[in-house]
Amino acid sequence: MDERGGRDLLAKRVRARRVELSLSVRAAAAAAEMDRNTWSYLEDGSRRTSEFKFAGIERALRWESGSVAAILEGRDPTPAQPENNTAAPVDEEIELVRTDKKLTPEMRDRIIALILERRERDKVAAIEDTRRMIDLFRRS
């Protein structure tokens, strides 16, 4: 596979896996220990991803080592085996969207992206509220 085709495939797989895991771009980038903009470039395929970033991407997306290279070669990534036998908690809101048979895959992806964006905004707003409360208590 040529470099551009590999980047496009990687971009598509990375975004799909991030949405599948219900991660915001910010959360995925943090888990990969990379800048949010770098993650965005990864997802839109506009720039080549350095090999030293592969391990962080795989960790963030819960893929086995070598999965990014496999995708760039046109193969499938390998999901990482869970550390223990406990099932991951179910995200009821995301699951509601995923299981709606009347939605197209594109609609599902867009709704899930909007949910994740809303959660990120809510989280930022909550942090600001907490900072204001702390400031009020300090002044009293």
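**Ground rules**

I am working with a predicted model, where local features need pLDDT of at least 70, side-chain atom pairs count only at pLDDT 80 or more, and totals for chains, interfaces and linings use all residues. Residues are numbered from 1 along each chain as its sequence is written, and side-chain values use heavy atoms, with hydrogens and water left out.

**Entry 1: overall layout**

I started with the secondary structure and got 7 helices and 0 strands. Here helices (H or I, at least four residues) and strands (E, at least two) are DSSP runs, numbered from the N terminus. The order of elements from the N terminus reads α-α-α-α-α-α-α.

Next I looked up the dimensions: the C-alpha trace spans about 65 × 40 × 35 Å along its principal axes. I also checked contacts, meaning heavy atoms within 4.5 Å. Among contacts with a separation of 6 or more, 55% come from residues 24 or more positions apart.

**Entry 2: surface and charge**

Of the 140 residues, 31% count as buried.

The protein exposes about 9700 Å², and carbon and sulfur atoms supply 52% of that. The areas come from the Shrake-Rupley method with a 1.4 Å probe; for residues, only the protein chains shown count as cover.

For charges, I found 28 positive and 27 negative side chains, with the centres of the two sets 3 Å apart. Lys and Arg count as positive, Asp and Glu as negative, while His and the chain ends are not counted. Each charge is placed at NZ of Lys, CZ of Arg, CG of Asp or CD of Glu.

**Entry 3: salt bridges**

How many salt bridges does a search of the whole structure find? I got 13, taking a salt bridge as a side-chain nitrogen of Lys or Arg within 4 Å of a carboxyl oxygen of Asp or Glu.

I looked at Arg-18 and Glu-43, whose closest N and O atoms are 2.4 Å apart. This pair links distant parts of the chain, with Arg-18 in helix α1 (residues 3–20) and Glu-43 in helix α3 (residues 36–44), 25 residues apart. Are the two partners buried or exposed? Arg-18 counts as buried because its relative accessibility is 6%, and Glu-43 is buried too, at 14%.

Then I turned to Arg-59 and Glu-33, with closest N and O atoms 3.9 Å apart. Arg-59 sits in helix α4 (residues 54–60) and Glu-33 in the loop between α2 (25–32) and α3, 26 residues apart. Arg-59 is partly exposed at 45%, and Glu-33 is exposed at 66%.

I also noted a network of salt bridges that links Glu-93, Arg-118, Arg-119 and Asp-122.

**Entry 4: helix α7**

Helix α7 has 35 residues and reaches 51 Å from first C-alpha to last, close to the 51 Å expected at 1.5 Å a residue. The expected span is 1.5 Å times one less than the number of residues.

An α-helix has 3.6 residues a turn, so residues three or four places apart point the same way. Arg-131 is exposed at 51%, and Glu-128 is partly exposed at 33%.

Which residues of α7 are buried? I listed Arg-108, Ile-112, Ala-113, Ile-115, Leu-116 and Glu-120. Their cover includes α1, α2 and α6 (92–98).

Definitions and conventions. Buried < 20%, exposed > 50% of the residue type's maximum accessible area, 1.4 Å probe, protein only.
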